[in-house]
Protein chains: 2
Amino acid sequence: MEKEYAIEKGLELVKNLKIALVGSIDNEGFPNIKAMMNLESEGLRKIWFSTNTSSKRVSYLKNNPKACVYYVNSDNFMGLMLVGKIEVTQDDELRKKLWADGCEVYYPLGITDPDYSILCFTAEKGNFYQGLKNVDFEIE
Amino acid sequence: MEKEYAIEKGLELVKNLKIALVGSIDNEGFPNIKAMMNLESEGLRKIWFSTNTSSKRVSYLKNNPKACVYYVNSDNFMGLMLVGKIEVTQDDELRKKLWADGCEVYYPLGITDPDYSILCFTAEKGNFYQGLKNVDFEIE
């Protein structure tokens, strides 16, 4: 499988899927997974999620920023794993950009709610698979 | 949310979903995720998957057995994360038990194919969520 094909198909998954699976590491060194709304991304390099500042995941990510983001279409056995790091931020521009209808259920105080944080994921490398074939690639 | 309800609904997810997301840790300490066929389980405590002995994941799990298994129904915002450890085995009884039509695509030499291994996951704790509510529980 060509890397160009893997990246092209990977980008389609990131654009079209509503749910991403976010992997992190808890304080006892175990991997954790959570399904998150796929909100905003820039190529395969940057992906942003919104979350509650008070969540266990945020405290884990502050201790260990190593993370992965996984997209899977189980109908056609196609998947993309991006590996990199997550920075937790309350940057107001980002919080405004990622705000959408329905967010007030999670962050009742609105865009400046102290419990509203953004996870900024930066990918370093990726793996794309389709059926039995898969390919690794670096992301710059 | 009551623990009994969480465990009951969690068991429904494990029984009914075709795909589980398996989290592991690679040799550089990053979390990895892979979608795997949900083949066989015993309550919430034991889950078995089949995989290629030669896969990178198997070498990572031998170095670091910490793992998680995640089930998500994104239609009704219900999810279960089980955290525990994975043992890689080539036990013949298990390999026979987990063999199914189609396995020969992955393991052309059949049940005794050296490239056919079983991942035995044993859960230590769980987290179940539905909508905005979630509950942690121990698994014995």
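This is a predicted model: local features need pLDDT of at least 70, side-chain atom pairs count only at pLDDT 80 or more; totals for chains, interfaces and linings use all residues.
**Exercise 1. The interface of the two chains**

*Solution.* 
Step 1. Chain A brings 34 residues to the contact, and chain B brings 34 residues.
Step 2. The size of an interface is often expressed as the accessible area lost when the parts come together. Between chain A and chain B the buried area is about 2600 Å², and carbon and sulfur atoms give 69% of this area.
Step 3. Of the area that chain A buries against chain B, 25% comes from A:Phe30, A:Pro31 and A:Ile33, more than from any other three residues.
Step 4. Across the interface, 8 residue pairs are in polar contact, both residues being at pLDDT 80 or more.
Step 5. On the side of chain A that touches chain B, the elements giving two or more residues are β1 (19–25), β2, β5 (66–73), β6 (78–89) and β7 (116–130) of chain A. Strand β1(A) gives the most to this side, with 6 residues.

**Exercise 2. Salt bridges between and within chains**

How many salt bridges are counted between chain A and chain B? Trace some of them, and then examine a bridge inside chain B.

*Solution.* 
Step 1. The count between chain A and chain B is 4 salt bridges, and over all chains the count is 8.
Step 2. One of the bridges joins the side chains of A:Lys125 and B:Glu28, at 2.9 Å from N to O. This pair crosses from strand β7 of chain A to the loop between β1 (19–25) and β2 (31–37) of chain B. A:Lys125 is partly exposed, at 26% relative accessibility.
Step 3. B:Lys56 and A:Asp136 also meet in a salt bridge through their side chains (2.9 Å, N to O). B:Lys56 is in helix α2 (residues 56–63) of chain B and A:Asp136 is in strand β8 (residues 133–138) of chain A, so this pair joins two chains. Both ends are partly exposed: B:Lys56 has a relative accessible area of 42%, and A:Asp136 has 39%.
Step 4. A salt bridge also links the side chains of A:Lys56 and B:Asp136, at 2.9 Å from N to O.
Step 5. Within chain B, B:Arg95 bridges to B:Asp92, with the closest N and O atoms 3.0 Å apart. Both residues lie in helix α3 (residues 92–98), 3 residues apart, about one turn of the helix. B:Arg95 is buried at 6% relative accessibility, whereas B:Asp92 is partly exposed at 42%.

**Exercise 3. A surface patch and its phenylalanine**

Which residues make a nonpolar surface patch of about 280 Å²?

*Solution.* 
Step 1. The patch is made by A:Met37, A:Leu39 and B:Phe77.
Step 2. A:Met37 lies in strand β2 (residues 31–37) of chain A and is partly exposed, at 46% relative accessibility.
Step 3. B:Phe77 sits in the loop between β5 (66–73) and β6 (78–89) of chain B. B:Phe77 is partly exposed, at 44%, and has a positive phi of about 55° although it is not a glycine.
Step 4. In chain A, A:Phe77 is in the loop between β5 and β6. The phi of A:Phe77 is positive, near 50°, and the residue is partly exposed at 45% relative accessibility.

Methods: Residues are numbered from 1 along each chain as its sequence is written. Chains are lettered from A and ligands numbered from 1 in the order in which they are written. Side-chain values use heavy atoms; hydrogens and water are left out. Patches are made of residues with over 30% relative accessible area and no salt bridge: like charges are joined within 9 Å, nonpolar side chains (Val, Leu, Ile, Met, Phe, Trp, Tyr) within 5 Å. Accessible areas come from the Shrake-Rupley method with a 1.4 Å probe; for residues, only the protein chains shown count as cover. Helices (H or I, at least four residues) and strands (E, at least two) are DSSP runs, numbered from the N terminus. Buried means under 20% relative accessible area, exposed over 50%, partly exposed in between (1.4 Å probe, protein chains only). Contact means heavy atoms within 4.5 Å. Buried area is the accessible area (1.4 Å probe) that two parts lose on being put together, summed over both. A polar contact is a pair of N or O atoms within 3.5 Å; within protein, one must be able to donate a hydrogen and the other to accept it, and residues adjacent in sequence count only if both atoms are side-chain atoms.
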